[in-house]
Amino acid sequence: MSVIVKNTEDLEDLDESELEELYTWVDKIPLSRPKRNIARDFSDGVMIAELVKHFLPHIVSLHNYTPANSVKVKVVNWRQLNRKVFLKLNFQLTEDLIRELCLCKQGLVERFLMHLRAKIEKASWEMHKQSGERNEVAQHQSKTALKMANPKNVKYKHSDKPEADQNISMSNVSFQTHERNDYTRDVSPPRQKLPPAPLQKGNNKMKPLDDMVPRAVYEEKEQECLAKEETIQILQAKVRRLEHLLHLKDVRLEELQVRLETTRPTGKNKR
């Protein structure tokens, strides 16, 4: 059941240290627009959607939110967030609170962002917990399948009879053993050498090469790519911010230059 945030009193007040920590957290997130006035920047809900998308990309579609200056369009964006995003995070906002956020009420967006941050961290923790449980179940199923495919009481004997050929076929299909018998080297067709799979703790049998190793490698590479992509986005955001600061500096220099020209004595008063 969703938790309804009724009014501003439901959002906790923040002290100076908490505000500084919140601003630092927001600055680390790559957003589409430079942050100038936090109440006005987040008033249309677009950067709220981008913020949630950064941590939980599967629950937000950014094309549903339009940058706006009119209160009417801002309210539409917030209602969309309320229905499609906040509900999945187990909370919702009232119409009065949405309107106050759209009207840039002083100090309100910081309190809301702190509330949203707690909800995002909780959802991320639950998602990682469920992922870990699924991996444990998959590993357990893999171990069970391995034991069924390779019972301990099966013994392979050296023989030139047809039964030996059957044993060789079963060995090639199901698994590899550490020690190959002589008939395997003599009778089996040459096979391509494969890199050794990691040993399972507490078990001297090798895991199948097509079991959990490729998934683990894939997930590791995927995490590396995500981390690098996040670093790139952060650096791009910093570059945009520096470019904006340079632009403001140029504008200020031009203003000072014009003021200097207007205040410079012309020499007409000299006799």
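This talk walks through selected helices, ring pairs, loops and salt bridges of the structure shown above.

Good morning, colleagues. Please keep in mind throughout that this is a predicted model.

I begin with helix α1, which covers residues 16-27. Its 12 residues reach 17 Å from the first C-alpha to the last, close to the 16 Å expected at 1.5 Å a residue. Four residues of α1 are buried, namely Leu19, Leu22, Trp25 and Val26. Viewed down the axis of α1, the buried residues fall within an arc of 125°, so they line one face of the helix. On the face turned away from that buried side, α1 carries the exposed residues Glu16 and Ser17.

Helix α3, residues 46-55, presents another picture. Of its 10 residues, 7 are buried, so α3 is largely enclosed by the rest of the structure. The buried residues are Val46, Met47, Ile48, Ala49, Glu50, Leu51 and Val52. You will notice that a glutamate, Glu50, is on that list.

Let me turn to the aromatic residues. A pair of aromatic rings is described by the distance of the centres and the angle of the planes. The structure holds 6 aromatic pairs. In one of them, the ring centres of Trp78 and Phe86 are 6.3 Å apart and the planes stand at 50°, so this pair is tilted. Trp78 has a relative accessibility of 0% and therefore counts as buried. Phe86, also at 0% relative accessibility, counts as buried.

How are the rings of Trp78 and Phe112 arranged? Their centres are 5.5 Å apart and their planes meet at 70°, so the pair is edge-to-face. This pair links distant parts of the chain: Trp78 belongs to helix α4 (residues 71-84) and Phe112 to helix α6 (residues 108-149), 34 residues apart. Phe112 is buried, as is Trp78. Together with Phe91, the residues Trp78, Phe86 and Phe112 form one aromatic cluster.

Next come two residues whose backbone deserves attention. Most residues other than glycine have a negative phi. Asn90, however, has a positive phi, near 70°. Asn90 sits in the loop between α4 and β2 (91-93), and with a relative accessible area of 37% it is partly exposed. Cys104 is the second case: its phi is positive, about 60°, although it is not a glycine. The loop between α5 (95-102) and α6 holds Cys104, which is partly exposed at a relative accessible area of 27%.

Another cysteine, Cys102, is found in helix α5. Cys102 counts as buried, at 2% relative accessibility. Although Cys102 and Phe42 are 60 residues apart in sequence, their C-alpha atoms are 8.3 Å apart in space.

I now come to the charged residues. Side chains of opposite charge can pair when their charged atoms come close. In this structure the count comes to 8 salt bridges. Which parts of the chain does the salt bridge between Glu21 and Arg117 tie together? The side chains of Glu21 and Arg117 meet at 3.5 Å, N to O. Glu21 lies in helix α1 and Arg117 in helix α6, so the pair ties together parts that are 96 residues apart in sequence. Glu21 is partly exposed at 45% relative accessibility, while Arg117 is buried, with a relative accessible area of 14%.

Arg117 has a further partner in Glu121, with a salt bridge of 3.3 Å, N to O. Both residues lie in helix α6, 4 residues apart, about one turn of the helix. Glu121 is partly exposed, with a relative accessible area of 46%. Through shared partners, salt bridges join Glu21, Arg117 and Glu121 into one network.

A separate example is the salt bridge between Asp44 and Arg33, at 3.2 Å, N to O. Asp44 lies in the loop between α2 (38-41) and α3, and Arg33 in the loop between α1 and α2, so the pair ties together parts 11 residues apart in sequence. Asp44 is buried at a relative accessible area of 2%, whereas Arg33 is partly exposed at 30%.

Leu242, Leu245 and Leu248 make a nonpolar patch of about 280 Å². Leu245 lies in helix α9 (residues 212-263) and, at 45% relative accessibility, counts as partly exposed.

Thank you for your attention.

Conventions. Residues are numbered from 1 along each chain as its sequence is written. This is a predicted model: local features need pLDDT of at least 70, side-chain atom pairs count only at pLDDT 80 or more; totals for chains, interfaces and linings use all residues. Side-chain values use heavy atoms; hydrogens and water are left out. Helices (H or I, at least four residues) and strands (E, at least two) are DSSP runs, numbered from the N terminus. The expected span of a helix is 1.5 Å times one less than its number of residues. Buried means under 20% relative accessible area, exposed over 50%, partly exposed in between (1.4 Å probe, protein chains only). The arc is that of the directions from the helix axis to the C-beta atoms. Patches are made of residues with over 30% relative accessible area and no salt bridge: like charges are joined within 9 Å, nonpolar side chains (Val, Leu, Ile, Met, Phe, Trp, Tyr) within 5 Å. Accessible areas come from the Shrake-Rupley method with a 1.4 Å probe; for residues, only the protein chains shown count as cover. A salt bridge is a side-chain nitrogen of Lys or Arg within 4 Å of a carboxyl oxygen of Asp or Glu. Rings of Phe, Tyr and Trp (its six-membered ring) pair if their centres lie within 6.5 Å; planes under 30 degrees apart count as stacked, over 60 as edge-to-face and the rest as tilted.
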